[in-house]
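Me: I would like to go through this model with you. Could we begin with the terms and then turn to individual residues?

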Amino acid sequence: MAEVGLLPFARVHCKWPRRFCRPTVTRFSKHQFTQPQLLAVLCLMRYEDWTFREAEVRLREHHELRAALHLPAVPDYTTLYRFLAAAGG
């Protein structure tokens with residue numbers, strides 16, 4: 001099986017969650033990241049077997065990956081953890 005690169009994987013996983021997720025959980029959120037963006041990051045974490053802290057570091061280092069996910073900034077590892085906990089994971 002051919003290995004899928006991070007950028008194509010990120011592009012695909014950034015598109016499909018928009019159909020199934022609300023943009024934000026609550027109207028009181030900071031609106032810095034959308035649910036589809038955070039879900040795409042969690043998919044990358046699962047695909048690459050990253051921890052929450054590793055995901056933060058990798059996103060900080062990889063500008064093209066952030067651009068593919070349309071991330072305005074790098075989410076803190078606690079943001080990713082809280083999103084996963086709120087989703088029931």
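Reply: A residue is called buried when its relative accessible area is under 20%, and exposed when that area is over 50%. Please note that the model is a predicted one.

Me: Then is Glu56 buried or exposed?

Reply: Glu56 is buried, because its relative accessibility is 14% and the cut-off is under 20%.

Me: Where does Glu56 sit?

Reply: Glu56 belongs to helix α4, which covers residues 52-61.

Me: Which residues does Glu56 touch, leaving out those up to four places away in sequence?

Reply: Glu56 touches Val74, Pro75, Asp76 and Tyr77. With Tyr77 there is also a polar pair: a polar atom of the Glu56 side chain lies 3.5 Å from the backbone nitrogen of Tyr77.

Me: Which residues of α4 are buried?

Reply: In α4, Ala55, Glu56 and Leu59 are buried. These residues are on the same side of α4, because they cover an arc of only 100° around the axis.

Me: And what is exposed on the other side of α4?

Reply: Arg53 and Glu61 are exposed there.

Me: What do the buried residues of α4 pack against?

Reply: They pack against α3, α5 (63-68) and α6.

Me: Let us change topic. How many residues are in the largest nonpolar core?

Reply: That core has 16 residues. Val41, Met45, Leu59 and Leu69 are the ones with the most contacts inside it. Two or more residues come from each of α3 (35-48), α4 and α6 (77-86).

Me: Which element gives the most to this core?

Reply: The element that gives the most is α3, with 6 residues. Leu59, named above among the residues with the most contacts in the core, is also one of the buried residues of α4.

Me: Why might one look for such a grouping in general?

Reply: Because nonpolar side chains tend to be buried together in soluble globular proteins.

Me: Now the backbone. What is the phi of Asp49?

Reply: Asp49 has a positive phi of about 60°, although it is not a glycine. Asp49 is found in the loop between α3 and α4.

Me: Is Asp49 buried or exposed?

Reply: Asp49 is exposed, because its relative accessible area is 65% and the cut-off is over 50%.

Me: What about the phi of His70?

Reply: The phi of His70 is also positive, near 60°, in a residue other than glycine. His70 lies in the loop between α5 and α6.

Notes: Residues numbered from 1 in each chain as written. Predicted model: local features only at pLDDT ≥ 70, side-chain atom pairs only at ≥ 80, totals over all residues. Heavy atoms only, no water. Helix = DSSP H or I, 4+ residues; strand = E, 2+ residues; numbered from the N terminus. Buried < 20%, exposed > 50% of the residue type's maximum accessible area, 1.4 Å probe, protein only. Polar contact = N/O pair within 3.5 Å; in protein donor to acceptor, adjacent residues only side chain to side chain. Contact = heavy atoms within 4.5 Å. Core = buried A, V, L, I, M, F, W, Y, C linked by side-chain atoms within 4.5 Å. Arc of directions from axis to C-beta.
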